Amino acid sequence: MTALVRYLCTTLLLSQRYLAPLLLFTGLVAVLTSSDTGPLTAAYGAAAGAMLLCSTWLTIALVGLEDQAHRAVVVVNAGGSRRVLVGTVCAAVLCCLVLTGLGLGIPFLVGTHRLTVAALLVGVEAQLTCALTGIAVGLLCSRLVFRRQGYALLLALVLLSVLMVAKGLPPVNPLLSRLATTSRAADLLTPAGGLLVVAAGVLAAGAALTRAIADRRS
């Protein structure tokens with residue numbers, strides 16, 4: 001599995017398809033937190049929202065790195081489609097961890113905030129929650145499910161919009177709402193942790209559904 005994840009990450013780096021989501025993430029976080037002197041939780045809410053979009057984009061890019069023939073070779077060498085899908089998820093999570101580090105640091109470069117351990121932990125929880133959810137959306141909107149990327153893009157936009165604006169729909173909307181309205185980071189640690197668990201379940205369900213559809217089509 002380690003070799004498979006390393007291969008996927010190397011292929012992504014060489015293809016340079018990570019550049020667009022990386023630039024989008026850094027740009028969004030920098031703009032949304034520029035000259036911000038408010039609570040750090042609100043800044044990390046902006047980073048989490050950016051993570052949702054960019055993790056979806058990165059996952060779609062990871063799945064689409066190879067054409068059908070090359071992917072078949074990878075599946076055979078890896079020992080099955082399930083292992084390749086798990087490896088893709090792991091590679092996407094690693095990429096999102098890099099973005100999480102940027103999301104934690106950029107608000108301090110472009111704004112003025114008081115650093116606390118609780119705020120950092122909430123920032124990590126929030127960004128990982130959105131990352132796992134975005135990866136699930138990316139899998140469902142990837143080439144494994146849709147041959148025509150126009151339909152996939154439309155579905156991705158609809159799903160992301162619903163996740164962000166549907167009031168009370170976990171895990172993204174309640175998370176972003178609490179980050180925007182609660183300034184004391186310690187009060188958010190437990191709720192954000194619970195929503196992170198929900199996001200992990202969303203990713204597991206999204207991966208299982210993606211594999212079922214992909215295996216049925218192949």
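Loops and a charged patch in a predicted model

Guide: In this predicted model, Ser-35 sits in the loop between α2 and α3 (40-63).

Visitor: Why is Ser-35 called exposed?

Guide: Ser-35 has a relative accessibility of 60%. Exposed means over 50%, so Ser-35 counts as exposed.

Visitor: What is noted about the phi of Ser-35?

Guide: Ser-35 is not a glycine, yet its phi is positive, about 60°. Most residues other than glycine have a negative phi.

Visitor: Where does Gln-16 lie?

Guide: Gln-16 is in the loop between α1 (2-15) and α2 (19-33). Gln-16 also has a positive phi, about 65°, although it is not a glycine.

Visitor: Why is Gln-16 called partly exposed?

Guide: The relative accessible area of Gln-16 is 49%. Buried is under 20% and exposed is over 50%, with partly exposed in between, so Gln-16 is partly exposed.

Visitor: Which residues form the positive surface patch?

Guide: The patch is formed by Arg-17, Arg-143, Arg-147 and Arg-217. Lys and Arg count as positive, therefore the patch is called positive.

Visitor: What makes Arg-147 partly exposed?

Guide: Arg-147, in the loop between α6 (117-140) and α7, has 48% relative accessibility.

Visitor: Which residues does the cis peptide bond join?

Guide: The cis bond joins Pro-170 and Pro-171, with omega about 5°. Most peptide bonds are trans. Pro-171 is in the loop between α7 (149-165) and α8 (172-181).

Notes. Residues numbered from 1 in each chain as written. Predicted model: local features only at pLDDT ≥ 70, side-chain atom pairs only at ≥ 80, totals over all residues. Heavy atoms only, no water. Helix = DSSP H or I, 4+ residues; strand = E, 2+ residues; numbered from the N terminus. Buried < 20%, exposed > 50% of the residue type's maximum accessible area, 1.4 Å probe, protein only. Patch = residues over 30% accessible without salt bridge, like charges linked within 9 Å, V, L, I, M, F, W, Y side chains within 5 Å. Areas by Shrake-Rupley, 256 points an atom, 1.4 Å probe, with all protein chains shown as cover. Salt bridge = Lys/Arg side-chain N within 4 Å of Asp/Glu carboxyl O. Charge placed at Lys NZ, Arg CZ, Asp CG, Glu CD.
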